[in-house]
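The exercises below ask you to read a protein model step by step. Try each task before reading its solution.

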Amino acid sequence: MTRFWHGYADMSLVPGNEIVVNRGEGVWIYDTTGRRYLDATAALWYCNVGHGRAEIAAAVAGQMADLAAYSTFGFTATPPTLELAERLAEMSPIEDAVVFLTTGGSDAIETAAKLIRRYWNAVDRPEKRIIVTRELSYHGMNAWGTELGGLASNSEGYGGPLVPHVVHVPTHDTGAVADLFEREASHIAAFVGEPVIGSGGVVPPVEGYWPEIERLCRAHDVLLVADEVITGFGRTGRDFGAQRYGFTPDLIAFAKGVTSGYAPLGGVLIAPRIREPFWAGKAMFRHGYTYSGHAASCAAALANLDILEREGLTARAAELEPILAAVVAGLANLPVVDATRAAGLLAAAVLSEEALQEDPGLLDAVVRSAWDKGIITIGLRGAYGVLQISPPFVITPSEIDHMVDGLAEAVAEVSAERGFG
Ligand SMILES: Cc1ncc(COP(=O)(O)O)c(C=O)c1O
């Protein structure tokens, strides 16, 4: 029996089957029985600098010894909060950005959505209410994020819609966006998307997608929001996915890689245009979280950004991209793998739709078999059944081979056992 209700879990299956991990080093994690696993997903896409970084632990401990946290509502702040805001503004592809800090990615999306609505009200355009989002997208689990997400299974069963004025467009179809903007622009507040769709199955954009979306947003005065919760802080080989795919958003939501998960933190980078009515005294954004700008979390972020920079880990992610892509491409030779995808240190093996229809338990069985072989992957179920591959940036080429060999063995073994190819 466990008293812990796991997120995203079928709790009829978990009791008695928990894997309890208590130590990590680089790309490796260890469970309480001493078993070692290669963390092929960097936990939930966040551990960019790898596990076991004593330097981040020391920074957090030092900050906690001085002052663990203090409210940042109103006039108060802490030194690491202000330092982090400066640092993020400097890194940001948005010129002259300011930062609103949150406790994670869902809060960042909620903050962005509320700020968008508040902004259009503040500039006397309250009719601009619709937020446009993509099929297959994932934007966290608060009410707005649940509604914005483009994975039906996550938003069904709540008697929704949870929030109104959300419109979904097909994942890659800029023509559908152009038509919608043409018809409805005066009511459209913003377009929100992940530079590379993550939880929906690791789906990179089609060629030219983001510059065209940016052009349409500018032409119709629609705000552009990049959800960089996964792609931020080096995952695509650039600091932000927007830089990699050639566009400049008005708002960037981030979380995960900003601390590599060493402490919970997220936020939104905000362009001057959107800040203006609020910073010029025309309106107030009555919004914030108890732990917005939490001192110890900001100290973790600063130490994490130091490591990323000093060790050149974002450039390393770019260098490893072709190596990872080539090795992962080999998985497509296996009987139940239809295709593979890769962008930066994000990759996926896509299981055959036919095989999954015939045997819906196939994806879980492959994931479980990979764990048994010491490789932690996650099965993503967007429109596809996909094996997630998003290791820490410190992975070496030989660890990439080891990781993908383990996944290949798991796929081969399970597909043979279940009578495929
Ligand atoms: C693109 C994207 N946005 C938002 C979120 C939500 O972040 P969090 O789980 O930190 O609330 C996630 C989490 O996976 C994500 O991948």
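**Exercise 1.** Is E214 buried or exposed?

*Solution.* The model is a predicted one. Begin by placing the residue: E214 belongs to helix α8, which covers residues 209–219. Next, take its relative accessibility, which is 17%. The cut-off for buried is under 20%. E214 therefore counts as buried. Last, look at what touches it: apart from neighbours within four places in sequence, E214 has contacts with L224, G246, F247 and T248.

**Exercise 2.** Classify R23 by its accessibility and find which residues it contacts.

*Solution.* R23 lies in strand β1, residues 21–25. The relative accessible area of R23 is 47%. With neighbours within four places in sequence set aside, R23 is in contact with W28, I29 and Y30. Compare sequence and space as well: R23 and G52 are 29 residues apart along the chain, while their C-alpha atoms are 7.5 Å apart.

**Exercise 3.** Check the length of helix α2, then work out where its buried residues lie.

*Solution.* Step one is the length. Helix α2 runs over residues 54–67, which makes 14 residues.

Step two is to list the buried residues of α2: I56, V60 and Q63. Viewed down the axis of α2, these buried residues fall within an arc of 65 degrees, so they line one face of the helix.

Step three is to see what each side meets. The buried residues of α2 pack against α3 (79–91) and α11 (295–310). On the face turned away from the buried side are the exposed residues A54, A58, A65 and D66.

**Exercise 4.** Which residues of α10 are buried, and what covers them?

*Solution.* The buried residues in α10 are I274, R275, P277 and F278. They cover an arc of only 160 degrees around the axis, and therefore sit on the same side of α10. The elements that cover them include β4, α4 (105–122), β8 (223–227), β9 (251–254) and β10 (266–270). After α10 comes G281, with a positive phi near 80 degrees.

**Exercise 5.** Describe the second largest pocket by its volume and its lining.

*Solution.* Its volume is about 1000 Å³. It is lined by 31 residues, and the closest to its centre are T72, G74, V99, F100 and W279. Now sort the lining by element: α3, β4 (98–102) and α10 (272–279) each supply at least two residues. The most comes from α3, with 5 residues. Sorting by class gives 19 nonpolar, 8 polar and 4 charged residues.

**Exercise 6.** How many cavities of 30 Å³ or more does the whole structure hold, and which residues line the largest cavity?

*Solution.* The search finds 1 cavity of 30 Å³ or more. The largest cavity holds about 40 Å³ of space. Its lining consists of I109, A112, A113, I116, I131, L148, V192 and V225. Helix α4 gives the largest share of this lining, 4 residues. By class, the lining has 8 nonpolar residues, no polar residues and no charged residues.

Key: Residues are numbered from 1 along each chain as its sequence is written. This is a predicted model: local features need pLDDT of at least 70, side-chain atom pairs count only at pLDDT 80 or more; totals for chains, interfaces and linings use all residues. Side-chain values use heavy atoms; hydrogens and water are left out. The expected span of a helix is 1.5 Å times one less than its number of residues. Buried means under 20% relative accessible area, exposed over 50%, partly exposed in between (1.4 Å probe, protein chains only). The arc is that of the directions from the helix axis to the C-beta atoms. Contact means heavy atoms within 4.5 Å. On a 1 Å grid over the protein atoms alone, a cavity is a set of points where a 1.4 Å probe fits but cannot get out, and a pocket is an open set with protein on both sides within 12 Å along at least five of seven lines; lining residues have an atom within 4 Å of a point. Grid points are joined across faces, edges and corners, and a volume is the space filled by probe spheres set on the points. Ala, Val, Leu, Ile, Met, Phe, Trp, Tyr, Cys and Pro count as nonpolar, Asp, Glu, Lys and Arg as charged, and the others, Gly among them, as polar.
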